[in-house]
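Subject: Structure handover

Hello,

Here is the structure for you to look through. Please open it next to this email and follow along.

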Amino acid sequence: EVGDGTTTAAVLAGELLIKAEHLLDQNIHPTIIISGYKKASDEALEVLEKLGIPVDIDDEKKLVDVALVSLETKGITGAREHFAKLAVKAVKQVAETTDGKVKADIALIKVLKKQGKSLDETEFVKGMVIDKEVANPQMPKLVENAKIALLNAKLEIEKTEFDAKINIESLEQMQMFLDEEERIMKEMVDQIAKSGANVILSEKSIDNLVLHFLTKKGILAVKSVSSSDMEKLAKAVGGQIMASAKDLTPEVLGHAKTVEEVKVGEDKLLYIRECKNPKAVTIVIRGGAEHVLDEAERSLHDALCVVRNVVEDGKIVAGGGDRKSVV
């Protein structure tokens with residue numbers, strides 16, 4: 001629920017249980033103890049509310065300081081400040097104000113780990129990074145001023161809902177059948193091109209012949225994108241996920257400054273950069289070893305959580321000291 005402060009929670013819970021044991025030894029019923037704890041909790045929250053120091057979402061320095069407090073106890077020594085700034089930047093980007101209340105859903109911040117380079121080279125992408133490569137090697141690897149179509153549909157010949165048998169008795173009939181399939185697929189690609197899209201991201205598969213026609217039109221395509229990535233993409237590029245290529249119009253397309261396939265280590269990633277006002281973003285964590293990446297991801301998650309909490313609550317309370325004094 002809070003995302004950080006597990007040690008504090010464990011220490012406090014332990015102390016409360018010790019005190020509860022003393023009360024139980026005096027034959028005080030557990031429900032009375034629980035009732036007392038609830039009253040104490042309400043009282044404590046009132047005191048904390050009075051002690052709370054207001055923090056504005058635009059006070060970047062204060063937010064970075066809060067993230068640094070969380071990162072102080074983590075094992076990413078040299079990169080703490082860099083990670084704190086990234087956490088603040090990402091949370092501020094996905095934050096939205098509704099009826100005077102700020103809401104920041106950190107599920108909209110995608111965190112991707114890739115081995116290689118150092119923690120200091122961890123980057124914030126104002127858009128999305130997908131762990132996929134371009135569907136056809138002949139397609140462009142970089143598209144500028146990208147108009148992005150998001151599809152939840154197979155770009156292939158639809159199969160009938162019932163079993164059907166086609167009797168082909170000559171080569172001419174066979175050729176006619178193949179020509180018709182090709183015509184349908186070419187029409188599909190023409191509809192995509194007519195909408196103005198120069199990038200296609202599909203949750204489903206794309207037929208090889210469709211890929212061939214898309215390549216001839218200079219359209220970059222990526223297939224089998226996960227549904228969670230598609231939802232974030234819609235928030236990032238400002239487009240709508242469509243159920244058919246026929247429904248594509250200029251109004252439903254998303255936009256980004258560039259869409260580029262980038263080789264990172266042994267893998268190829270698709271970077272969708274510089275979206276206008278993305279409400280979903282990506283942080284690509286770099287590091288020399290797997291355990292370093294895992295620790296960095298855990299640390300970043302905690303920092304994102306505490307910044308999210310401050311942004312949503314609008315207040316901070318001074319802590320009880322450093323780790324040594326707590327111990």
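Two strands pair if DSSP finds at least two bridges between them. Helices (H or I, at least four residues) and strands (E, at least two) are DSSP runs, numbered from the N terminus. By that rule, strand 7 and strand 8 (residues 199-202) pair in the parallel sense over four bridges. Leu150 has Leu201 in strand 8 as its bridge partner.

Some ground rules. This is a predicted model, where local features need pLDDT of at least 70, side-chain atom pairs count only at pLDDT 80 or more, and totals for chains, interfaces and linings use all residues. Residues are numbered from 1 along each chain as its sequence is written, and side-chain values use heavy atoms, with hydrogens and water left out.

Strand 7 and its other partners

Strand 7 (residues 142-151) also runs antiparallel to strand 11 (residues 254-264), joined by six bridges. There, Ile148 is partnered with Gly254. Strand 10 (residues 241-242) pairs with strand 7 too, in the parallel sense, over two bridges. Find Leu151 and you will see Met242 of strand 10 opposite.

Now turn to an open sheet of three strands, with the order 4-13-5 and mixed pairing. Its edge strands are strand 4 (109-115) and strand 5 (123-125), and each pairs on one side only. Neighbouring strands here are turned by 20 degrees against each other on average, direction ignored. Axes are lines fitted to C-alpha atoms, for helices over the stretch in contact, and angles run from 0 to 180 degrees between N-to-C directions.

Strand 4 and strand 13 (residues 281-287) pair in the parallel sense over seven bridges. Lys113 stands opposite Ile285 of strand 13. Helix 8 packs on this sheet and touches strand 4 and strand 13. Its direction makes about 165 degrees with that of strand 4. Helix 4 (residues 80-94) lies across strand 4, strand 5 and strand 13. It runs at about 165 degrees to strand 13.

Two packed helices are described by the angle between their axes and the distance between the axes.

Take helix 3 (residues 60-71) and helix 8 (residues 290-313). Their axes come within 9 Å and cross at roughly 140 degrees. The two are therefore oblique to each other (under 35 degrees counts as roughly parallel, over 145 as roughly antiparallel, 65 to 115 as roughly perpendicular and the rest as oblique). In this contact (heavy atoms within 4.5 Å), helix 3 supplies Leu63, Val66, Ala67, Ser70 and Leu71. Helix 8 supplies residues including Ser299, Asp302 and Val306. By class, there are nine nonpolar, two polar and one charged residues (Ala, Val, Leu, Ile, Met, Phe, Trp, Tyr, Cys and Pro count as nonpolar, Asp, Glu, Lys and Arg as charged, and the others, Gly among them, as polar).

Helix 3 and helix 4 pack at about 125 degrees, with their axes 8 Å apart. They too are therefore oblique to each other. Among the residues that meet are Glu60 and Leu63 in helix 3, and Phe83 and Lys92 in helix 4. This contact divides into eight nonpolar, no polar and five charged residues.

Which residue forms a salt bridge with Glu60? Lys92 does, and the closest N and O atoms are 3.3 Å apart. (A salt bridge is a side-chain nitrogen of Lys or Arg within 4 Å of a carboxyl oxygen of Asp or Glu.) Glu60 lies in helix 3 and Lys92 in helix 4, so the pair ties together parts 32 residues apart in sequence. The whole structure has 17 salt bridges.

Best wishes
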